[in-house]
Amino acid sequence: MASVKIKKGDTVKVIAGKDKDKEGKIIAVDRKRGRVTVEKVNVVTKHTKPSAANQNGGIIQVEAPIDISNVMYLHKGKATRVGIRVENGKKVRFAKTTGEVID
């Protein structure tokens, strides 16, 4: 599998699937499975048993992970691919559309 160029906290746009064109912040990245969890995207209904944390149990809404290939990094409001290059002996991410360094 290719290297993961998206990190937790990045703002992304969904480019495929039932939530296409939605935008959100990345909550979690699963590098092993190649999946990301994005806030307010791919919300599923989950039935929970009563527990110490949730006394009543019941039906809750949670974000489920989606494939990393279905999201694109948002740079200045536009979706762009992310590249990696070496500057001053350090690896940095850059937006392929503008060439600007992300972080």
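Q: In what order do the elements run from the N terminus on?
A: Helices (H or I, at least four residues) and strands (E, at least two) are DSSP runs, numbered from the N terminus. Here the order reads β-β-β-β-β-β-β-β-β-β, so to speak in DSSP terms, with zero helices and 10 strands. This is a predicted model, where local features need pLDDT of at least 70 and side-chain atom pairs pLDDT 80 or more, while totals for chains, interfaces and linings use all residues. Residues are numbered from 1 along each chain as its sequence is written, and side-chain values use heavy atoms, leaving out hydrogens and water.

Q: Which strand has the lowest mean pLDDT, and which the highest?
A: Think of pLDDT as the predictor's confidence in each residue, from 0 to 100. Among the elements, strand β5 (residues 58–63) is lowest with 94, and strand β1 (residues 11–14) is highest with 98. The protein's mean is 94, with 98% of residues at 70 or more.

Q: What radius of gyration does the protein have, next to a compact globule of 103 residues?
A: This radius is taken over C-alpha atoms, and the globule rule is 2.2 Å times the number of residues to the power 0.38. A compact globule would come out near 13 Å, but this protein has 17 Å. Its C-alpha trace spans about 55 × 30 × 25 Å along the principal axes.

Q: How many of the 103 residues count as buried, in percent?
A: Buried means under 20% relative accessible area, exposed over 50%, and partly exposed in between (1.4 Å probe, protein chains only). In this protein, 27% count as buried.
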